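Please look through the structure shown below with the following explanation at hand, moving from one part to the next as the text does.

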Amino acid sequence: MTHGEDLDFGGLTQEAFLARVRRGLGGKGPKSPHPGSLIRDQNVEENAAHSEKVHLFTLALEAVGGRALRASTLAEAYLVVARELAGAKAARVLLAGGDFRKLEEALAAAGVAFDRWSDLDFSHGAQDRALEKVNAWDAGISFADYAVAELGSIALLFDAGQGRSVSLVPPRYVSIVRRDALVLTRRAVLEHVSRRMREEGRRSLVFVTGPSRSADIEMDLSVGVHGPGELWAVLVDE
Amino acid sequence: MAKAAILDRIDQALGNERLRRAVRKATDTFRGGRARVISDFDWEAMREKARALRAHTIEHLDYYLEQLAARVRENGGHVHFAENASQAVEIVRRIAAHHGVRSVAKSKSMISEEIHLNEVLEADGIEVYETDLGEYIIQLARETPSHIIGPALHKSREDIAELFSKLEGRPLSSDTPTLTQVARRRLREVFLKADMGITGCNFAVAETGSIVIVTNEGNGRMVTSLPRVQVTLMGMERIVPRLEDLDLLLAMLTRSATGQRTTSYVSIVSGPRKEGERDGPEAFHLVIVDNMRSSILGGEFQEALNCIRCGACLNICPVYRQIGGHAYGWVYSGPIGAVLTPLYKGIEEWGEVAQASSLCGACYDVCPVKIPLHDMLVGIRRASVETGKSKALERLAFRAFGFVMSRPGMYRAALKIGRLAQAPFVRKGRFRAAPPPLSSWLSHRSLPSLPKRSFREIWAKGIDDEPGDRRGTS
């Protein structure tokens, strides 16, 4: 749809709207340059060792009520995920993105049923039913696109494989964090994603830090009010 | 009209001890959290950087708005411009009609409060559900937010249990998990059936054409992931130039608001879902709203547009802490509300709100983008006086005060006369009314009544001979 069609919904044209803004700004003197927005020196990023980032991430995530797990290989990570889900009495889980055949084998061996996000019927009219099914899963599992060590945040850059609902609708989200996904600062992620949004046409990024929380009832903390009440991050050394 | 209403609301708030306790508890919690996390880095240097970033952005607002609109369209979204509240509402109505919308899930939007959107959509037969837990509570109570971060902080758990019990048709206990689970179950149905999500906008990124929503509950994610249409309402000053600029402003916002290093969720949405994506909105509409903001540009109050809506000035303000948010009479409360309300709604009618401050400057000290709120409050007061409202009686009263105070014998005599003469005007130990010239002063204040004995008399004779006196209170 072009801007011309947008006008059908009423309001001012862009030109008229911006003219008002310019008229307002007109009286103001010389304009300041963009001041930059670095919180700290950029080279800190390069100086952090992987083990240091793992340590920071774990501290930050646990501080907000998330759970950090560790594995040296992906194969081990899948076993850890299957074991822990079985231990938490998860009956059925949802997998999204990535080649999860090894994980599927591990889940089957541990007695946890699973579905693939890519198999869900999202054709027109079936979407509601598909989402109601999401409602019934005990956990959603996907790879993290990035993880931010200083904040304990998982960053998800959505696309066909990385569904938005997977990490949101089930009561538990399990995020597998590969070595090269773990960076020190949120800023590094934003710089990277800015490029990918413009070049790859990615449309949505979410930072997830710990479980869903609310303090709207007398400042008393409660978790899982809308999003997952549990967040597990499995940090993998490879 | 605004003046009398504000006085009534302040009186009401001061008489409501439960409200004042709740407000103090909440603001103390927010302030305690903030104090713990602002030492993560050189806070003063970051404030200056954030101030400069906001100032630069507003000075180039026309450029960045143009860039934002172009990027959103490139991403497949639609952009609409509203000069005022009625245009904004009309645009949203037409979007809803265009997409055949029956049901709306909303995440928190202060601007939708500015324009009274819910009422209009409901009148069109559309169901509108607030999904932030606090907003949901006050929607059920048919009230308005009393704090920008904690909209329902004035409600007790008993109030909430009562509202939810009515909804469920069965008595509920008032413990947090029970109440949270009711909200989760009910709002989950809302998310799944809503055709349209309406969100506010903490920031909009010009470079990528993105809107940014900061939440802890995840309702912002739900509203931008499940409904097939997304509408985002944006005050035109919410913009940042580049995606990486968010890092600084998010760091300042969440620390100042709730004392968190980050919130649980930061959602960044740059248009409708891509081809092949299985969830996310199919249609994306950005409504950019002026609603008096352009009239502030270029003038002495331009920096008020730098506000990032953290609420830190509310939490620190000694006046807000006593009277809560509703007393301010409009959408925004606390020091920033006392500045914005007269600017958005008209100084002549609403200038009086700027009196709800002590000019102590604490609001400026905590502001993460260094808005000189105390100077602005003085500026609004001055502009309010310049609108020509008669203060002749007030000036007369101060002249009489000066005359009496400079003559000790007359002061003592005046006090005695006052004690005898006050009786008809005192209610619950406070002056509510008085003959002129005091009537002018008391039209917007109440004063403690004169005690039985003056301080000078107590000082001279000691206090022990009068056991009925209240002591140790202030």
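This is a predicted model: local features need pLDDT of at least 70, side-chain atom pairs count only at pLDDT 80 or more; totals for chains, interfaces and linings use all residues.

**A helix with a buried face**

In the helix α4 of chain A, the residues A:Lys53, A:Val54, A:Phe57, A:Ala60 and A:Leu61 are buried. Seen down the axis of α4(A), these buried residues fall within an arc of 140°, so they line one face of the helix. On the other side of α4(A), by contrast, A:Ser51 and A:Glu52 are exposed.

What do the buried residues of α4(A) pack against? They pack against four strands of chain A, namely β1, β5 (146-148), β8 (182-183) and β12. The helix itself, which covers residues 50-63, lies across β1 and β12 of chain A and runs at about 150° to β1(A). Its length can be checked by simple reasoning: at 1.5 Å a residue, the 14 residues of α4(A) should span 20 Å, and the end C-alpha atoms are 20 Å apart, which agrees. Just after α4(A) comes A:Gly65, which takes a positive phi of about 90°.

**The sheet of chain A**

The strands β1 and β12 lead us to the sheet to which they belong. In chain A, six strands form an open sheet with parallel pairing, in the order β1-β12-β7-β4-β2-β3. The strands β1 (67-71) and β3 (113-116) of chain A stand at the edges and have a single partner strand each, so one side of each is left without a neighbour in the sheet. Neighbouring strands of this sheet are turned against each other by 20° on average, if direction is ignored. Strands of a sheet pair through backbone hydrogen bonds, either parallel or antiparallel. For β1(A), the partner is strand β12 (residues 230-236) of chain A, which runs parallel to β1(A) and is joined to β1(A) by five bridges. Within this pairing, A:Ala68 stands opposite A:Ala233 in β12(A).

Helix α5 (residues 74-87) and helix α6 (residues 101-110) of chain A pack at an angle of about 35°, and their axes are 9 Å apart. The crossing in which α5(A) passes α6(A) is right-handed. Among the residues that meet here are A:Tyr78, A:Leu79 and A:Val81 in α5(A), and A:Leu103, A:Ala106 and A:Leu107 in α6(A).

**Chain B and its sheet**

Turning to chain B, we find a secondary structure of 23 helices and 13 strands. Of its 474 residues, 51% count as buried. If we take the contacts in chain B between residues at least 6 apart in sequence, 74% of them join residues that are at least 24 apart.

Chain B contains an open sheet of six strands with parallel pairing, in the order β1-β10-β7-β4-β2-β3. Its edges are formed by β1 (78-82) and β3 (127-130) of chain B, each with a single partner strand, so one side of each is left without a neighbour in the sheet. From one strand to the next, the twist averages 20°.

**A strand that links the chains**

Is strand β9 (residues 265-269) of chain B buried or exposed? Five of its five residues are buried, so β9(B) is largely enclosed by the rest of the structure. In a regular strand the side chains alternate between the two faces of the sheet. Both faces of β9(B) are covered, with B:Tyr265, B:Ser267 and B:Val269 buried on one side and B:Val266 and B:Ile268 buried on the other.

The strand β9(B) has partners in both chains. Strand β9 (residues 204-208) of chain A runs antiparallel to β9(B) and is joined to β9(B) by five bridges, with A:Ser204 standing opposite B:Val269. Within chain B, strand β6 (residues 210-215) and β9(B) also pair in the antiparallel sense over five bridges, and here the bridge partner of B:Ile213 is B:Ser267 in β9(B).

**Two loop residues**

Finally, two loops of chain B deserve a look. B:His116 lies in the loop between α6 (110-114) and α7 (117-123) of chain B, and its phi is near 55°, a positive value in a residue other than glycine. B:Arg309, in the loop between α13 (293-296) and α14 (312-316) of chain B, has a phi near 60°, again a positive value in a residue other than glycine.

Notes
Residues are numbered from 1 along each chain as its sequence is written. Chains are lettered from A and ligands numbered from 1 in the order in which they are written. Two strands pair if DSSP finds at least two bridges between them. Axes are lines fitted to C-alpha atoms, for helices over the stretch in contact, and angles run from 0 to 180 degrees between N-to-C directions. Two residues are in contact if their C-beta atoms, placed from the backbone, lie within 7 Å. The expected span of a helix is 1.5 Å times one less than its number of residues. A residue is buried if 20 or more other C-beta atoms lie within 10 Å of its own, exposed if 12 or fewer, and partly exposed in between; C-beta atoms are placed from the backbone. The arc is that of the directions from the helix axis to the C-beta atoms. A crossing is left-handed if the near helix is turned anticlockwise from the far one by less than a right angle, and right-handed if clockwise.
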